Amino acid sequence: MSTDFLPGTGLSFPDKSGIAESSLRLLEFDRLLAHISSFAHSDASRHALLDLRPLRRKEDIEKRLGHVAEMLLLSQKGEPLKLFSFPDIAPFMTKVRPEGAVLEGFELSGFIPVLQMIAEILLQTEERGDIPRLREVIAFLTGFPDLLGALERSIDSEGGILDSASFALSEIRGRIRKLEGRIQRKLEEMVRDESVSVFLQDTFITNRSGRWVIPVRMDSKGQVPGVVHDVSKSGETAFVEPLHIIHLSNELENLMAEQRAEEIRILRKLSAGIREAAELIEIQYTVIVYLDTLNSVARFADSLQMQIPRINESGSINLVNARHPLLDLSLRKTDSGRRVVPLDVELGGGNTVMVITGSNAGGKTIAIKTIGLLLAMALSGMPVPADSSSDFPLVRSLLIDIGDEQSIESNLSTFSAHVTNISKILREADARALVLIDELGTGTDPDEGAALACAVLKELKSSDALVFATTHLTDIKGFVHRTEGMLNASMEFDQETLTPLYRLRVGEPGQSHALEIARKYGLPESIIDSAKAMLGGIKVEFDNLIADLNDKRGQYERGLEDLRKQRDEAEAGNRRLETLLAEAEARREELLAKAYQDASDVVMRVKREMYALLEEAKRKEREKSREALKQAGRIQEEVDRKLKELRKEGDGAPSLDELEEGDVVFVQSLGYDAPIVDINLKHNRVKVRAGNMEVEVPASDLRVKRGKKAEARKEDSYTGRHAEEAVPSRMNLVGVRVDDALSRLEPFLNHASLAGLNEITIIHGMGTGILSKAVREHLQGHPLVKRFRSGEPQEGGSGVTVVTLV
């Protein structure tokens with residue numbers, strides 16, 4: 001089924017890249033697609049997945065990556081797209097298009113899951129704002145509720161026609177069941193009749209050619225009047241329809257014909273309905289197939305923790321923690337605990353050629369295959385098994401020479417095959433190509449092979465293509481080291497255990513370690529010594545030099561790692577110290593505030609005692625009382641002076657006894673000064689004027705006035721938003737401690753009241769119920785709260801409290 005009629009949806013990509021199928025096969029891209037297709041829900045989706053190929057245009061690649069990213073987002077939120085198994089209905093669509101064509105029941109049943117998925121996906125995504133790119137695709141879905149309803153009423157999952165398909169069919173089948181019941185009862189009476197049962201082979205009743213019959217012994221078939229419809233394979237039993245029921249069977253046959261005619265009418269009607277909507281069904285079916293294709297890619301990506309890569313047009317490649325997906329899958333299946341060693345590699349800009357050397361079976365070929373396969377995946381709009389910071393170039397061709405291509409039929413040796421491939425690569429290489437060459441320069445005389453390889457690398461460098469090559473030849477390593485724009489790299493090797501470590505090291509050549517590996521696998525020591533002698537002193541010294549350099553580099557890296565650890569520990573210590581200092585400062589402020597409050601309590605008690613003494617003095621001695629009053633005044637002044645000093649140091653809340661209506665105080669929850677309108681000593685609360693409204697706040701929310709007026713405040717103390725922004729109607733306290741939650745709740749109520757909100761929502765979650773209980777106790781009797789209730793199920797249930805303000 002073609003998707004070219006859906007322009008702009010990202011469903012069709014006719015402009016595929018020019019990457020050759022042979023290159024993709026060498027990278028085993030087809031095996032990768034086969035793994036991904038196992039996640040598909042339909043054969044149509046599987047075929048679409050197997051047909052995925054790298055794309056030419058960056059916008060097409062990024063669009064598909066965006067679709068897959070949103071599929072992953074839905075899965076991460078526990079709300080994957082509602083897709084389930086469905087058949088490929090494309091052949092049925094082709095069959096039903098001619099006028100008068102009628103689909104069979106099983107063919108019609110195939111449309112039901114497709115139309116059901118369309119309805120489910122529309123319902124699931126109609127109000128989602130977090131999947132804008134997928135919504136562009138889903139916008140092509142409209143659904144077919146009438147057609148789906150008719151199919152569900154008429155066809156079961158096996159393709160059978162239901163009684164509910166039509167009233168006439170239901171009536172006919174009812175009559176058929178009744179008539180069959182009469183026939184069976186009559187036959188049961190006959191087989192129980194002794195005058196008949198003596199001639200029967202058995203007592204069961206069966207059906208032959210649509211007629212109800214009884215088994216009569218062949219030698220007695222004339223004793224039971226009726227029509228013989230069949231004979232057993234042994235020839236000993238005749239299946240006879242007794243004369244007594246022939247008229248009933250004829251009537252049954254007529255009803256069966258009526259039933260079949262009604263079923264054909266129903267099938268024809270349903271087929272006509274599909275034919276009328278065929279074009280829309282085809283478009284929306286294509287959307288479903290595409291969504292299932294995306295979903296399969298996303299599920300595969302999720303199984304290997306893949307990430308969305310970046311695509312660039314600068315011609316550079318950067319892989320971070322890259323893994324070969326097929327090797328990763330293979331290791332996971334073995335359950336050995338082994339994992340792929342990640343690959344880090346970067347090439348581009350001034351350096352466009354990298355030559356990788358190292359031991360046999362050290363991972364050189366896997367490294368360049370990983371680079372090529374991940375590039376093919378990224379250009380196909382798929383996530384890759386690497387960090388999201390990985391960057392891939394938008395190339396038009398992937399030129400590869402990997403493996404032994406010798407061919408007897410083509411009269412090609414291994415070397416000839418390599419040269420043929422490299423000749424083609426040299427012709428096609430340009431700035432929009434990536435080249436992968438394995439075992440460059442091998443298959444012929446080492447000196448000539450090395451010279452030829454160096455010339456090839458020089459030519460490829462001038463083409464501006466990105467080149468990754470592997471080799472064992474020492475002369476190539478030296479040439480690369482001397483040539484600007486080329487890099488040596490090696491696969492690390494453990495000198496002590498003689499085992500490869502599979503880590504790529506950029507900037508230094510590697511060794512083949514052929515002699516050491518040969519010794520490990522049992523080659524006689526005499527042969528090893530003879531080989532070393534033949535190898536020559538210069539080659540041995542060169543290899544020893546590289547080994548020493550690698551050893552020193554390892555020491556430096558270990559030293560750097562130790563320094564990094566020490567730096568990290570020092571930074572962690574600094575962070576802990578800063579945290580302790582902040583906690584100490586907070587504790588200091590808390591102690592000062594408590595000291596001020598304690599002092600205020602003492603003053604209030606002293607005042608009450610003082611007033612009692614003054615009253616006593618008034619009754620006893622007027623003159624003495626005046627002196628006592630002066631003394632009390634002096635005491636009061638001293639107390640007030642001390643309180644001011646304490647308040648200046650701790651910035652605590654002023655005592656209500658000190659305040660009067662009209663005094664101006666700083667209200668912490670509002671963030672500015674406000675005049676007092678009323679003082680409620682009983683409930684320890686104060687009503688202040690904020691703009692055109694009056695707000696009641698607890699006494700603990702007050703501080704000495706700071707000269708901050710409402711018009712001059714720059715930032716809302718509750719939300720941290722600018723003053724001109726709207727006050728939110730919801731507050732999320734989930735995970736907040738009770739004390740912190742209540743300290744946030746009070747200013748939230750004040751701001752909501754000032755903003756004129758009628759209703760607000762407090763989200764506290766369910767949990768142990770401690771936070772929700774504390775919130776509701778705080779709201780109980782609050783002067784700004786008219787009433788409150790638990791949320792409805794659609795509002796969050798008992799996890800939220802909905803508050804109506806006065």
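This is a predicted model: local features need pLDDT of at least 70, side-chain atom pairs count only at pLDDT 80 or more; totals for chains, interfaces and linings use all residues.
Local features need pLDDT of at least 70 and side-chain atom pairs count only at pLDDT 80 or more, while totals for chains, interfaces and linings use all residues. Residues are numbered from 1 along each chain as its sequence is written, and side-chain values use heavy atoms, with hydrogens and water left out.

Four strands form an open sheet in the order E20-E21-E23-E22, with mixed pairing. Strands (E, at least two residues) and helices (H or I, at least four residues) are DSSP runs, numbered from the N terminus. Two strands pair if DSSP finds at least two bridges between them. Strands E20 (730-732) and E22 (785-790) stand at the edges with a single partner strand each, so one side of each lacks a neighbour in the sheet.

Strand E21 (residues 759-763) runs antiparallel to strand E23 (residues 800-805), and five bridges join them. Thr-761 stands opposite Val-802, and Ile-763 opposite Val-800. E20 and E21 run parallel, joined by three bridges. Here Met-731 has Ile-762 of E21 as its bridge partner. The chain passes from E20 through H23 to E21 in a right-handed β-α-β crossover; that is, with the strands pointing away from the viewer, the path from the first strand over the helix to the second runs clockwise. Four of the five residues of E21 are buried (under 20% relative accessible area; exposed is over 50%, partly exposed in between; 1.4 Å probe, protein chains only).

Helix H7 (residues 111-125) has 15 residues and reaches 21 Å from its first C-alpha to its last, close to the 21 Å expected at 1.5 Å a residue (1.5 Å times one less than the number of residues). Its buried residues include Phe-111, Ile-118 and Thr-125.

The model holds 31 salt bridges, each a side-chain nitrogen of Lys or Arg within 4 Å of a carboxyl oxygen of Asp or Glu. One joins Glu-21 and Arg-53 (2.7 Å, N to O). Glu-21 lies in helix H1 (residues 21-26) and Arg-53 in the loop between helix H3 (43-50) and helix H4 (58-76), so the pair ties together parts 32 residues apart in sequence. Glu-21 is partly exposed, at 37% relative accessibility. Arg-53 is buried, at 18%. Another salt bridge joins Glu-99 and Arg-275 (3.8 Å, N to O). Glu-99 is exposed, at 72%, whereas Arg-275 is buried, at 15%. Asp-163, Arg-173, Arg-177, Arg-260 and Glu-263 are linked in a network of salt bridges.
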